[in-house]
Protein chains: 2
Amino acid sequence: MLDERKLAVLRAIVEDYVSTNEPVGSKALAERHNLKVSPATVRNDMAALEEEGYITQPHTSAGRVPTDKGYRLFVDRLSQVKPLSGAERRAIETFLAGAVDLDDVVTRTVRLLAQLTRQVAVVQYPTLTRSTVRHVELVPLSERRVMLVLITNTGRVEQRVVELPEVVEDTRIAHLRAVLNACLDGCGLSAVPDLVADLPERLPAEDRPAVATILSVLLETLVERHDEKIVFAGAANLAGADFTVGLRDVLEALEEQVVLMRLLGETSSDTPSALTVRIGSENPYLHGTSIVATGYGSGDNQLARLGVLGPTRMDYPVTMGAVRAVARYVSQILAAS
Amino acid sequence: MLDERKLAVLRAIVEDYVSTNEPVGSKALAERHNLKVSPATVRNDMAALEEEGYITQPHTSAGRVPTDKGYRLFVDRLSQVKPLSGAERRAIETFLAGAVDLDDVVTRTVRLLAQLTRQVAVVQYPTLTRSTVRHVELVPLSERRVMLVLITNTGRVEQRVVELPEVVEDTRIAHLRAVLNACLDGCGLSAVPDLVADLPERLPAEDRPAVATILSVLLETLVERHDEKIVFAGAANLAGADFTVGLRDVLEALEEQVVLMRLLGETSSDTPSALTVRIGSENPYLHGTSIVATGYGSGDNQLARLGVLGPTRMDYPVTMGAVRAVARYVSQILAAS
DNA sequence: ACTTGGCACTCGGGAACACAGAGTGCTAGA
DNA sequence: TCTAGCACTCTGTGTTCCCGAGTGCCAAGT
């Protein structure tokens, strides 16, 4: 059905269209790529490709444009991820190495990725669920208020102000802190609910109301942050691009955490670090855009996802290379800290 | 020079143009607003207004459009801030009251403001400089690493991992923590450098290298966050608007903290809570856009600024009302926590 | 059987043009 | 000082026309 040359034609069409943003015709194709056949032959191949749904023409007597299906075939079989240049790799490394805390790592990552790909970059904050507790701190603020601070091994810090049901002395707070840390230090966050379940019973009865309140806030903190924050950067890169869907819709999606989460997709449990490419109508919400994403995190412990979003007409090999490289470096940074 | 009726004409032109986005002509003006004079008279007034530079016409034989100078006069003398409806006020209150921590307050505020004004909202994080220290925490992570956590009275938490020059026992860390808290608790952040200056000398000589390292990180934390983070929301609202400057430039400015900071402007020290309106070319960088901003914070302690950015052609009375109201409510929330 | 050159056909986009309508400035009269 | 009338000047729109890029198909060549 699709012999070698037809695939070469498809590849050429995708590459030309991506770089020129104009429907590509048979004549130009035969010239620019040395296909060693005449425009007429190319036309026949193009007709076949159109028949199969890989390309289409905007109007009669215009050049051809790849369809989503065409891009899909291109990504799957006709292209290979383009690695970054040495200079780019070094730039990434030094830029990310300057980060001072987790927030900073994420901010730098998202900006870097946006600049590198000239698309919109999207980064999900590392999930807490797989993190472990490094320290729990209780800071008395006033007689009946305590600040609960939770520090994880990824450097994340969560804090909540807890209103106590009754006055609790500082020494009792200190004791509770010691107990909590002895109990939780080094444990995975997902194990926390089980571990603290019988805690009130192991403490003096008079403390129970306060302890129960504090624990409920602690658990709430874990749950609330389960669906994690997502940030984006590079919206300015959308200004030039033309989507089949309106620019407004794209910007709205970017500010809607839930939609963005769906777009980034789930990390497939078997190959978490594989690149996911969603093209045009393959996307759950935003048709007309493509997404290149991957999981990141240290080693086998995948923490979250990052990727870029752009028009369907994007340079997939380069974008995929950038996403993969950035994911690797940020994983490295996180593992080191 | 400008009698009462001419001012009325200018007001009518601004109002009409803002609502229709089309140059407004003399005939329509005389009809829609009951000026009780004929179109011809209006034309004479318009000629005068144009002479003075308050309005202009895009081409000969098109209606008139306000200039920046015209909007300025409108804002200063011809309009009054439009208060929000009761329903809106209640909605703001309940929405902001649901915030769980400082991050959440800021996020909710910026979204709220964007939705309310249908413009891009910009909120600066409360500055640390005027905050006071509520607690300093040192958490031993390993033999030579300590996490420094700084908690302020605004609920802000800053953390840094400190690499120590030598092994320090936990008990000595605990002692240092006690000393630090005794020294700093309740003090303004700006006073911290002075307060810790002689600290190393008051401690055993063997601890000095470690103490010096920790203190330098602490001071660094204060300095680094001095220029504060700014967030925005509602970029989707830019999609419809037309700026004289390109959409791309606006989006770029929004992602550039420094530029955004300049746009929000300084809180004037004498009347910190006054509304600042910058129209078109009055803006330092982004000509063609207007900014309505104000300081916020509890009472006389102005913490930071917030505002909205939109096209010069904006509904100033409504926008100013929304900005003012949101600033008040968020100040209230912050004061309570 | 595949490739190639030739040829008629289609359609989008740009240039040239005319026209209606909105809005203006000006002048004369109330 | 305001108003009515009038001639003038634009922009935007609709029409027409034509060029050129690109196609599909067919017949001839390898």
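I looked up the contacts within chain A. Among those with a separation of 6 or more, 61% join residues 24 or more positions apart. I count two residues as in contact if their C-beta atoms, placed from the backbone, lie within 7 Å.

I noted what I am working with. This is a predicted model, where local features need pLDDT of at least 70, side-chain atom pairs count only at pLDDT 80 or more, and totals for chains, interfaces and linings use all residues. Residues are numbered from 1 along each chain as its sequence is written, while chains are lettered from A and ligands numbered from 1 in the order in which they are written.

I checked the overall form of chain A. The C-alpha atoms of chain A fill a box of roughly 90 × 35 × 35 Å along the principal axes.

I turned to the partner chain. In chain A, 27 residues are in contact with 27 residues of chain B. I sorted the chain A side into 14 nonpolar, 6 polar and 7 charged residues. Nonpolar means Ala, Val, Leu, Ile, Met, Phe, Trp, Tyr, Cys and Pro; charged means Asp, Glu, Lys and Arg; the others, Gly among them, are polar.

I ended at DNA strand C. The surface near DNA strand C holds 7 nonpolar, 10 polar and 3 charged residues, near being a C-beta atom, placed from the backbone, within 6 Å.
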